[in-house]
Amino acid sequence: MNPKLEVVGIRKVFATPRRTTQALGGVTFNVEAGEFVCVLGPSGCGKTTLLNVIAGLERPTQGEVRMDGAPVLAPGRERVVIFQEAALFPWLTVRSNVEFGLRLLSLSPRERARRVEEYLQLVGMRGFERVYIHEISGGMKQRVALARALALNPQVLLMDEPFAALDAQSRDTLHAELQSIWAQTGTTILFVTHNVREALVLGTRVLLMSARPGQIKHEYPVRIPRPRHIEDYALVDAAQEVLADLREEVLRAEEEAGYDRLAR
Amino acid sequence: MTGWRARLLFFLALLLGWQALYSLHLWPPYLFPSSWSVASSLGLGFADGSFPLAILVSLRRILIGYAISLVVGVPLGLLIGRVRLLQETLGTVILGLQALPSICWLPLAILWFGLSERAILFVVVMGAVLSICLSAVDGVRNTPPLYLRAARTMGAEGWPLYWRVILPAALPALITGMKLGWSFAWRSLMAGELLYVSLGLGQLLTLGRELNDMGRVMAVMLVIVVLGLIVDRLLFAPAERLVRERWGLNLGS
C-alpha cells in the first residue's frame with residue numbers, strides 16, 4: 001500500500017533576472033495515513049515553500065509529490081491548507097466561512113448545515129455563527145479556519161505555522177485542542193513550524209529541515225505520551241537535543257544571509 | 001457635543017464676518033452680495049418653483065448618467081481586471097482618457113447629439129465611467145493573494161473563485177470608485193449645464209450671472225453644495241463605513 005503522502009526529491013529554485021535562489025534542495029520523505037508529522041526548520045529554510053508545493057499551490061522545479069500514489073498537480077480540497085494568518089473571508093460570517101468550501105460540493109442544505117454545526121462544535125466555536133471575522137480574536141480565527149478546513153474531510157491537513165502569531169495562552173489551548181481533534185478525526189496532518197517545542201508537543205514524528213537550500217536533515221520519532229503540554233519535563237528534555245541541531249542550522253542560515261549581503 | 005457647538009460657532013462667525021465685510025462697502029453689491037440677499041434669493045427661488053425644478057432636472061440627469069456609468073463601468077472594470085490582454089489594450093486607453101476632463105467631450109457631444117439631453121448625459125457618463133471602471137480594475141487586481149490561495153486549496157477555481165472571492169474582496173475599492181464616480185459625474189453635469197441653456201442648476205448659475213444677480217448665483221452654489229453633501233452623507237458614507245469596519249481595514253493581511 002502506498003503511503004498517504006510521498007514527497008520525492010523536491011527542488012525549488014526561484015529565479016529572478018538578478019539572482020537565483022535555491023529554496024529547496026531535494027526534499028524526500030513519506031507521511032503515513034493518520035500520522036501527525038511536524039516539519040521543523042529555521043526561518044527562511046523553505047518550509048512554507050515545501051508546504052505550498054505539497055498543497056499544489058506552487059510547482060516544484062524538480063521532483064514530485066504523490067498522494068495515495070497519484071501525482072499532485074494542482075490544489076484540491078483533499079489537501080486543505082491552514083495558513084499563518086487565518087485567511088478567513090471578512091465579508092462572511094463565521095458560519096458562512098465554514099460553509100465556503102462545502103458550498104462548492106453538491107451537498108443538500110441540510111447536510112451542509114449539519115457539517116457546519118459539527119465542526120464548529122469540534123473547535124468550540126458554537127454560538128459564534130452569526131459573528132463577523134473582525135469581531136473575534138486571533139485564536140478564535142484559527143479555530144474557525146480549522147473548522148472550515150476539517151468540514152471538507154480532507155485526506156491531509158497542511159498547516160503552515162498556524163499558531164505563530166498567537167499569544168502563548170491561545171497557543172497552549174490550541175495545542176491541546178489540535179491533539180484531541182487529531183485523535184478524534186484521525187486526519188493526517190503535516191504541520192510546519194520553527195518552534196521546537198511546538199513540534200514536539202504535536203508531532204508523532206519531527207522532521208528537521210536544514211538551512212537553505214532546505215533538505216531533511218534529521219528525523220526524530222516522538223514517543224512522549226499524550227496529551228502533551230509544552231512544559232512537560234520529558235518534552236523539555238527531548239527539546240534540548242533537537243534544539244542543538246536546529247541551532248546549527250539557524251547559524252548556517254544566518255551565515256548564508258551574511259554572505260548574501262556581502263555578495264550584493 | 002463640543003464638536004457641534006464649535007462648528008456652529010464657527011459658521012456664525014463666518015456669517016458675521018461676511019456681513020461685516022459687506023457693510024464696509026468695498027465692492028458693489030452685484031460683485032459681493034450680502035448674506036441677506038443670498039438668503040432671500042434662496043427663499044424666492046424655492047417659492048417661485050425655479051429652484052425645485054432645476055434641482056429635479058439636474059438630479060434626474062445625474063441619476064440617469066450615473067446609472068449608465070455604473071452599468072457600463074463596473075462590469076467592464078471587472079472584466080479588464082481579470083483579462084490580461086484587455087488590461088494591456090483597453091485598460092491603457094481608459095487610463096489615458098482619464099487624464100481628459102470630461103467637459104472636453106462637450107464639443108464632440110454637441111456635434112454628435114445636438115443641443116440635447118443626450119449630449120449632457122454623454123458628458124456626465126464620460127466623467128464618471130472611467131474612474132468607476134478603473135477602481136473596479138484595481139479592486140480585482142489587488143485581491144489579497146492569501147484569499148486566493150485559501151480559496152483554491154478548498155477547491156474553488158474559475159467562476160466560483162471569481163464570484164465568491166475576487167468580487168467581494170474588490171468591494172471596498174468598488175465603493176471608493178463609485179463615490180469618486182459620483183463626484184466626477186456631479187462636476188461634469190454642472191460644467192455641462194453651465195455651458196449651454198438647459199434648465200438645471202447650472203443654467204440657474206448662468207442666468208444669475210447674466211442678470212448680475214450675485215445673491216442668486218451664491219444661493220444656487222449653496223444648493224449645489226448641500227445636494228452634494230446629502231448624497232455623500234446618506235449614500236456613500238454609511239456604505240463606506242460598513243465595508244471598512246467589516247473588512248477590518250487590513251485588506252493586505
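This is a predicted model: local features need pLDDT of at least 70, side-chain atom pairs count only at pLDDT 80 or more; totals for chains, interfaces and linings use all residues.
Two strands count as paired when DSSP finds at least two bridges between them. Strand β7, residues 156-160 of chain A, pairs with β8(A) in the parallel sense over five bridges. Within that pairing, A:L157 sits opposite A:I189 of β8(A). To get from β7(A) to β8(A), the chain passes through helix α5, residues 168-185 of chain A, and this β-α-β crossover is right-handed.

β8(A) has another partner to look at. Strand β3, residues 36-40 of chain A, also pairs with β8(A) in the parallel sense, over five bridges, and here A:C38 stands opposite A:F191. How covered is β8(A) itself? The strand spans residues 188-193, and six of its six residues are buried. Both of its faces are covered: A:T188, A:L190 and A:V192 are buried on one side, and A:I189, A:F191 and A:T193 are buried on the other.

Chain A also holds an open sheet of four strands, in the order β2-β1-β4-β5, with antiparallel pairing. β2 (20-31) and β5 (70-71) of chain A stand at its edges; each has a single partner strand, so one side of each has no neighbour in the sheet. For β5(A), the pairing with strand β4, residues 62-67 of chain A, is antiparallel and runs over two bridges. In this pairing A:M67 stands opposite A:A70 of β5(A). Helix α1, residues 47-55 of chain A, lies across β1 (5-15), β2 and β4 of chain A, and runs at about 120° to β1(A).

Now over to chain B, which has 10 helices and zero strands. Of its 253 residues, 36% count as buried. Among the contacts in chain B with a separation of 6 or more, 75% come from residues 24 or more positions apart.

Why does B:V137 count as buried? The cut-off for a buried residue is 20 or more other C-beta atoms within 10 Å, and B:V137 is buried because it has 27 of them within that distance. Leaving aside neighbours within four places in sequence, B:V137 is in contact with B:G77, B:I80, B:G81 and B:G91. As for B:T89, which is 48 residues from B:V137 along the chain, the C-alpha atoms of the two are separated by 13 Å.

Finally, let's see where the chains meet. Here 17 residues of chain B are in contact with 20 residues of chain A. On the chain B side, α7 (145-153), α8 (158-195) and α10 (214-246) each supply at least two residues. The largest share of that side, six residues, comes from α7(B). By class, the side of chain B that touches chain A has nine nonpolar, four polar and four charged residues.

Conventions:
Residues are numbered from 1 along each chain as its sequence is written. Chains are lettered from A and ligands numbered from 1 in the order in which they are written. A residue is buried if 20 or more other C-beta atoms lie within 10 Å of its own, exposed if 12 or fewer, and partly exposed in between; C-beta atoms are placed from the backbone. A crossover is right-handed if, with the strands pointing away from the viewer, the path from the first strand over the helix to the second runs clockwise. Two residues are in contact if their C-beta atoms, placed from the backbone, lie within 7 Å. Ala, Val, Leu, Ile, Met, Phe, Trp, Tyr, Cys and Pro count as nonpolar, Asp, Glu, Lys and Arg as charged, and the others, Gly among them, as polar. Axes are lines fitted to C-alpha atoms, for helices over the stretch in contact, and angles run from 0 to 180 degrees between N-to-C directions.
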